[in-house]
Amino acid sequence: MSLNVILGGLELGFIYGIMALGLYISFRIMNVPDLTTEGSFTLGLAVSAVVANENHSWLGILLAFLAGCCAGFVTGFLQTKMRIHPILAGIISMCGLYSVNLMILGSPNVNIPKDSRVFTLVDNLFDNIGLDIFGRHNAKMILSFVAVVVCVLAMIWFFRTHFGLCLRATGNNEDMVRASSINVDVSKIVALMLANGLIALSGSFIAQYQGYADISSGNGILVVGLASVIIGEAIMGKRGVTLGLISAIVGSVIYRFIITWVINSGIFTAQVIRLITAIIVAVALSIPAFKYYIARFKIKHGGGRNA
């Protein structure tokens with residue numbers, strides 16, 4: 001792979017890594033199967049694109065995060081106060097967000113002028129101060145790296161606070177936390193708000209990275225995020241929240257390189273990328289079952305030889 005391809009893979013890996021952070025919070029820390037992801041990711045794209053078209057690029061990033069938090073609040077409210085099953089609550093929110101996103105965009109897709117993108121603004125800033133490290137990838141590489149580092153450090157700090165520890169405890173043992181007079185419903189709602197806020201934040205950067213927002217951009221993004229989390233855990237293991245958050249970013253970068261290699265190799269076409277992703281996730285999630293069957297096989301045949 002060429003240097004440009006490698007740098008492009010790193011940039012997208014960092015940006016999608018922010019989305020993987022959100023999924024790690026909901027799926028791993030809180031043990032909640034949140035299917036709002038595809039809707040909140042597209043919500044981030046839509047808000048960022050529309051606001052950026054009004055020449056408020058940075059404001060679009062912030063509002064996208066807040067919009068994602070609102071989507072997470074709705075899902076959390078349905079789960080906790082309306083007593084709707086988490087999977088159904090996520091499906092309801094995702095379906096509703098499709099119409100919301102379409103109303104925000106006003107059409108199936110919206111282009112963002114180059115001069116209205118945060119990456120162009122940062123690139124102009126670097127040109128003015130004479131900073132040139134990665135050539136034409138300068139702004140995209142530095143901004144995506146800084147964004148993911150800030151998000152990771154913020155999440156590491158948050159989950160070490162008292163309230164963050166309450167969220168972690170809720171995911172580990174909800175009954176024990178409830179017996180300790182901690183409001184479990186509030187913990188779940190805040191965690192889902194934070195998770196979907198990060199997912200929408202990732203979508204906002206993607207919109208300004210690629211220069212447009214499309215209503216179908218979030219299709220299959222849940223599986224992409226899961227693949228990132230699982231690949232990261234397979235490499236770095238499960239040794240705590242701090243390492244887990246970092247592993248989600250590492251997994252996102254590795255996944256992006258895998259997809260980049262697959263596309264550039266010519267072995268597969270772009271149409272089968274999501275199928276490959278689904279296979280990766282299915283195999284990774286099946287590893288405990290494989291280990292169980294192998295252990296049973298060894299016990300069965302070992303016992304037969306001993307007899």
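The model is predicted.

The whole structure holds 5 salt bridges. One of them joins Glu233 and Arg28, with N and O 2.7 Å apart. This pair links distant parts of the chain. Glu233 belongs to helix H10, residues 221-236, and Arg28 to helix H1, residues 3-29. The two residues are 205 positions apart.

Glu233 has a relative accessible area of 9% and is buried, because the cut-off for buried is under 20%. Arg28 reaches 31%, so it counts as partly exposed.

Glu174 bridges to Lys188, and their closest N and O atoms are 3.0 Å apart. This pair, too, links distant parts of the chain. Glu174 lies in helix H8 (residues 174-179), Lys188 in helix H9 (residues 184-210), and 14 residues separate them. Glu174 is partly exposed at 27% relative accessible area. Lys188 is buried at 18%.

Asp175 and Arg178 form a salt bridge, with 3.9 Å between the closest N and O atoms. That distance qualifies because the limit is within 4 Å. The two residues are 3 apart in helix H8, so about one helical turn separates them. Asp175 is exposed, at 59% relative accessibility. Arg178 is partly exposed, at 43%. Through shared partners, salt bridges join Glu174, Asp175, Arg178 and Lys188 into one network.

## The buried face of H7

Which residues of helix H7 are buried? H7 spans residues 162-172, and the buried residues in it are Gly164, Cys166, Leu167, Ala169, Thr170 and Gly171. Their cover includes H1, helix H6 (138-158), H8 and H9. H1 also carries Arg28, the partner of Glu233. H8 and H9 also carry Glu174 and Lys188, respectively.

An unreviewed UniProt entry places the feature "transmembrane region" at residues 6-25, 58-78, 87-106, 141-159, 189-209, 215-236, 243-263 and 275-295. In the model, residues 58-78 are 100% helix and 0% strand. The end C-alpha atoms of this span lie 31 Å apart. Residues 243-263 are likewise 100% helix and 0% strand. Here the end C-alpha atoms are 30 Å apart.

## Aromatic pairs

A search of the whole structure gives 8 aromatic pairs. Phe158 and Phe159 form one: the ring centres are 5.2 Å apart and the planes meet at 80°, so the pair is edge-to-face. Both Phe158 and Phe159 are buried. Phe158 also pairs edge-to-face with Phe163, at 6.2 Å centre to centre and 70° between the planes. Phe158 has a relative accessible area of 16%. Phe163 is partly exposed, at 31%.

Another group of rings is a cluster. Ring pairs link Phe119, Phe205 and Tyr209. What sits over the ring of Tyr209? The charged end of Lys140 does, 4.6 Å from the ring centre.

Terms used
Residues are numbered from 1 along each chain as its sequence is written. This is a predicted model: local features need pLDDT of at least 70, side-chain atom pairs count only at pLDDT 80 or more; totals for chains, interfaces and linings use all residues. Side-chain values use heavy atoms; hydrogens and water are left out. A salt bridge is a side-chain nitrogen of Lys or Arg within 4 Å of a carboxyl oxygen of Asp or Glu. Helices (H or I, at least four residues) and strands (E, at least two) are DSSP runs, numbered from the N terminus. Buried means under 20% relative accessible area, exposed over 50%, partly exposed in between (1.4 Å probe, protein chains only). Contact means heavy atoms within 4.5 Å. UniProt positions are given in the numbering used here, feature names are shortened, and annotations may be inferred rather than shown by experiment. Rings of Phe, Tyr and Trp (its six-membered ring) pair if their centres lie within 6.5 Å; planes under 30 degrees apart count as stacked, over 60 as edge-to-face and the rest as tilted. A charge sits over a ring if NZ of Lys or CZ of Arg is within 6 Å of the ring centre and within 35 degrees of the ring normal.
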